[in-house]
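Here are my notes on the model, point by point. Please read them with the structure open.

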Amino acid sequence: MSPVSVPTRWLAAAGALAEIDEDAFIEGALILSIGGAQQSHVNLHAPDQVFYEYLRRIANVLDLVRPPGEPLKVLHLGAGALTLVRYVQATRPGSAQVAVEHERELLDFVLQHMPLAAGTQCELLLDDARTAANAMAAGSFDAVVLDIFAGADAPAHLANPAFYAELMRTVASDGVVLVNVGDDPPLAFARYQSRNLSGVAGGGAALADRTLLSGKHPGNIILAATKKEWPAAWTEQLLEAGPHPAAVLTGAGLAAFQSGD
């Protein structure tokens with residue numbers, strides 16, 4: 001049997017090789033890897049199914065921003081394999097989305113081998129995330145998703161209160177900003193970013209696997225921020241939605257996480 005050909009593309013800006021493999025266990029699903037590390041998972045047959053745990057937590061918050069099926073306006077900073085763009089289109093047809101990616105080779109590669117579903121309304125921008133966000137009109141999105149960070153190596157201009165204030169400016173009064181932070185023990189970077197985001201928001205939460213919050217394991221924490229007080233009903237809904245074991249920190253719990261207590 002001849003070997004299966006795996007699509008690859010050299011990413012000059014990242015200095016790494018991107019490749020797209022078939023998921024051996026889920027028919028129709030593809031995995032994007034960069035530099036040998038898995039980055040994104042897309043189920044082309046069922047884009048409403050989100051495989052990665054941290055993306056599922058983001059999707060669960062997006063589910064609550066508006067009533068089920070109602071279109072959303074979403075800004076995605078960091079396109080990856082456009083997993084969440086596909087999810088929003090599948091669950092809320094007619095949504096108007098914008099995805100920003102700074103590396104043309106990656107975006108072209110993804111679209112060539114994992115095209116967006118017909119009818120998807122998503123403007124694709126090749127730009128720096130902060131430059132793109134600054135150009136957006138105030139209150140123009142229901143949700144902003146920032147998925148760029150790689151721990152403490154995150155670009156400094158994207159990991160500070162001034163940038164978070166810009167993101168808060170772009171969302172509607174009842175909108176939400178969602179930031180994926182990957183970090184290693186003792187989660188000092190995630191705690192710092194949570195403090196930064198809380199400082200410019202009216203309310204917020206941190207979502208993660210409950211076992212991660214001990215600070216003893218690496219992983220992804222989702223930081224959420226709202227202009228108004230965090231909707232109390234969301235906390236229980238997100239805990240029920242998982243993935244499990246789920247933690248949703250708000251109020252005193254969030255403050256304790258931010259301080260490292």
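1. β3 and β4 form a hairpin with two residues between them. Glycine 35, in the turn, has a positive phi of about 65°. Helices (H or I, at least four residues) and strands (E, at least two) are DSSP runs, numbered from the N terminus. The model is predicted: local features need pLDDT of at least 70, side-chain atom pairs count only at pLDDT 80 or more, and totals for chains, interfaces and linings use all residues. Residues are numbered from 1 along each chain as its sequence is written, and side-chain values use heavy atoms, without hydrogens or water.

2. β3 (residues 29–34) and β4 (residues 37–43) run antiparallel, joined by six bridges. Pairing requires at least two DSSP bridges between two strands. Serine 33 has glutamine 38 of β4 as its bridge partner.

3. In helix α8 (residues 251–259), Leu254, Phe257 and Gln258 are buried (under 20% relative accessible area, 1.4 Å probe, protein chains only). They lie on the same side of α8 because they cover an arc of only 100° around the axis, taken from the directions from the helix axis to the C-beta atoms.

4. The buried residues of α8 pack against α6 (188–198), β10 (203–209), β11 (219–226) and β12 (246–249). Just after α8, glycine 260 takes a positive phi of about 85°.

5. The largest nonpolar core has 36 residues. Such a core is a set of buried Ala, Val, Leu, Ile, Met, Phe, Trp, Tyr and Cys residues joined through side-chain atoms within 4.5 Å. Among those touching the most other members are Leu75, Val144 and Ile221. A second, separate core of 27 residues includes Tyr54 and Trp230.

Technical notes: Buried means under 20% relative accessible area, exposed over 50%, partly exposed in between (1.4 Å probe, protein chains only). Contact means heavy atoms within 4.5 Å.
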